[in-house]
Amino acid sequence: MAKTNQPSIVLASASARRKELLAGLGLTFIVQPSVASEVVEEEVSPEEYVTILAQRKARDVAFSLADNENESFLVIGSDTIVVLDDTILGKPGHEEEAFRMLSSLQGRTHTVYTGVCIVETATGREKSGYRATKVTMRKLTPDKIRRYIATGEPMDKAGAYGIQGYGAMLVSHLEGDYFSVVGLPVALVSDFLEEFGVKLL
Ligand SMILES: Cc1cn([C@H]2C[C@H](O)[C@@H](COP(=O)(O)OP(=O)(O)OP(=O)(O)O)O2)c(=O)[nH]c1=O
């Protein structure tokens, strides 16, 4: 249900999953994907990596809204990566890369990091944070991996899988926030929104 007397909420994302998860909080919001670069040049930790990109996406869209002097927006940016050992896996560029990613993930435990940043355009105030979730993947044969890739599901997803889809069949165990793996740590976002004065419950 839409709430009244609240700042306009903007989701700075092209991800259908993030849109669905945010809509689950009963909020009315606008979607305006960020066009900011997703390249991080510096050597940073996974926590810093997702926080930097979430901030970049939220700030990029906040900047584009800055002309609306009479209206304040709360802009939400987010970024998800999969980390196996010390390697960051983003979205696969092609099917062979998806195959390599899934071959390295199968039978092992990796960590999914999702960063979130909310920028309030009227004040420039920001809140950022991240969630880390451990996911254990079942052992998969090369044939099974090929058949999973043939579903088309892996190509726009970090680590080349989607836990919310066919990928659910690849996962044996999860420790942490499921929603963060899908792309948005909903509870953390709700905490931040409440700190900005948005009434959710
Ligand atoms: C691990 C995992 C990732 N993902 C998705 C979430 C993100 O959409 C994507 C990681 O890419 P991101 O760069 O975080 O996001 P995006 O490019 O899809 O959208 P935007 O930058 O506009 O917000 O991987 C799943 O949907 N399920 C999963 O299980």
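Student: Let's begin with the annotation. Which residue does UniProt list for "active site"?

Tutor: The UniProt record, an unreviewed entry, lists Asp79 under "active site". Keep in mind that we're looking at a predicted model, and that such annotations may be inferred rather than shown by experiment.

Student: Where does Asp79 lie, and is Asp79 buried or exposed?

Tutor: Asp79 sits in strand β3. To call burial, count C-beta atoms within 10 Å: 20 or more others makes a residue buried. Asp79 has 28 of them, so it's buried. Leaving out neighbours within four places in sequence, Asp79 is in contact with Val50, Leu53, Ala54, Lys57, Thr114 and Gly115.

Student: Now the strands. How does β1 pair with β3?

Tutor: In a regular strand, side chains alternate between the two faces of the sheet. Here, β1 (residues 8-11) runs parallel to β3 (residues 73-84), with four bridges between them, and Val10 stands opposite Val75. β1 also pairs in the parallel sense with β2 (residues 29-31), over three bridges; there, Leu11 has Val31 as its bridge partner.

Student: What handedness does the β-α-β unit of β1, α1 and β2 have?

Tutor: Right-handed: β1, then helix α1 (residues 16-23), then β2.

Student: Which residues of α1 are buried?

Tutor: The general idea is that an α-helix has 3.6 residues a turn, so residues three or four places apart point the same way. In α1 the buried ones are Arg18, Leu21 and Leu22. They fall within an arc of 95 degrees seen down the axis, so they line one face of the helix. The face turned away from that buried side carries the exposed residues Ala16 and Ala23.

Student: And what do the buried residues of α1 pack against?

Tutor: Their packing partners are β1, β2, β3, α5 (178-182) and α6 (186-195).

Student: Let me try helix α3. Which of its residues are buried?

Tutor: In α3 (residues 95-105), they're Ala98, Met101, Leu102 and Leu105. These cover an arc of only 95 degrees around the axis, which puts them on the same side of α3. They pack against β3, β4 (87-89), β5 (109-120), β6 (126-137) and α4 (142-149). While you're there, look just after α3: Gly107 takes a positive phi of about 75 degrees.

Student: How many residues are in the largest nonpolar core?

Tutor: In soluble globular proteins, nonpolar side chains tend to be buried together. In this model the largest nonpolar core has 52 residues, and those with the most contacts inside it are Val10, Ala58, Val75, Ile76, Val116 and Ile118. Take Val116: its contacts beyond four places in sequence include Ala54, Ile76, Leu188, Val189 and Phe192. Pro185 is one of them too.

Student: Where is Pro185?

Tutor: Pro185 is in the loop between α5 and α6. With 27 other C-beta atoms within 10 Å, Pro185 counts as buried. Among its contacts beyond four places are Thr114, Val116, Arg131 and Phe179.

Key: Residues are numbered from 1 along each chain as its sequence is written. This is a predicted model: local features need pLDDT of at least 70, side-chain atom pairs count only at pLDDT 80 or more; totals for chains, interfaces and linings use all residues. Two strands pair if DSSP finds at least two bridges between them. Helices (H or I, at least four residues) and strands (E, at least two) are DSSP runs, numbered from the N terminus. A crossover is right-handed if, with the strands pointing away from the viewer, the path from the first strand over the helix to the second runs clockwise. A residue is buried if 20 or more other C-beta atoms lie within 10 Å of its own, exposed if 12 or fewer, and partly exposed in between; C-beta atoms are placed from the backbone. The arc is that of the directions from the helix axis to the C-beta atoms. Two residues are in contact if their C-beta atoms, placed from the backbone, lie within 7 Å. A nonpolar core is a set of buried Ala, Val, Leu, Ile, Met, Phe, Trp, Tyr and Cys residues joined through C-beta atoms within 7 Å.
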